[in-house]
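Below are my notes as numbered points, to be read with the model open beside you.

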Amino acid sequence: MAQLKITLKRSAAHRLPKQRKIVKALGLGRINSSVVKPDNEAIRGALFHIAHLIEVEEVKD
């Protein structure tokens, strides 16, 4: 199963509350923090809402 490396590139401050909650739920705290999450529909849906704040790379297992 593929994995996604998600890196926060822009601050979530002064964004819509829904976007801030998504950033926090993904485990991203500070700019340039990264997490590895499974590639599934739920994660993709969350990433769609904050696409302008993040950078996504596919990680090979």
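1. Let me begin with Ser 33. Setting aside neighbours within four places in sequence, Ser 33 is in contact with Ile 6, Thr 7, Leu 8 and Leu 28, where contact means heavy atoms within 4.5 Å. Ser 33 sits in the loop between helix 1 and strand 2. A polar atom of its side chain lies 3.3 Å from the backbone nitrogen of Gly 29. For reference, a polar contact is a pair of N or O atoms within 3.5 Å; within protein, one must be able to donate a hydrogen and the other to accept it, and residues adjacent in sequence count only if both atoms are side-chain atoms.

2. A word on the source. This is a predicted model, in which local features need pLDDT of at least 70 and side-chain atom pairs count only at pLDDT 80 or more, while totals for chains, interfaces and linings use all residues. Residues are numbered from 1 along each chain as its sequence is written, and side-chain values use heavy atoms, with hydrogens and water left out.

3. Now the sheet. Helices (H or I, at least four residues) and strands (E, at least two) are DSSP runs, numbered from the N terminus. Three strands form an open sheet in the order 2-1-3, with antiparallel pairing; two strands pair if DSSP finds at least two bridges between them. Strand 2 and strand 3 are the edge strands, each pairing on one side only. On average, neighbouring strands of this sheet are turned by 25 degrees against each other, direction ignored.

4. How many bridges join strand 1 to strand 2? There are five, and the two strands run antiparallel; Gln 3 has Pro 38 as its bridge partner in strand 2. Strand 1 is also joined to strand 3 (residues 54-59), again antiparallel, by six bridges. On that side, Ile 6 stands opposite Val 56 and Lys 5 has Glu 57 as its bridge partner.

5. Helix 2 lies across strand 1, strand 2 and strand 3, and runs at about 25 degrees to strand 1. Axes here are lines fitted to C-alpha atoms, for helices over the stretch in contact, and angles run from 0 to 180 degrees between N-to-C directions.

6. Finally, please look at the backbone angles in the loops. Most residues other than glycine have a negative phi. His 14, in the loop between strand 1 (3-8) and helix 1 (17-25), has a positive phi of about 65 degrees although it is not a glycine. His 14 is exposed, at 81% relative accessible area. Asn 32, in the loop between helix 1 and strand 2 (34-38), is not a glycine either, yet has a positive phi of about 75 degrees. Asn 32 also counts as exposed, at 52% relative accessibility. Gly 27, which follows helix 1, has a positive phi near 90 degrees.

Terms used
Buried means under 20% relative accessible area, exposed over 50%, partly exposed in between (1.4 Å probe, protein chains only).
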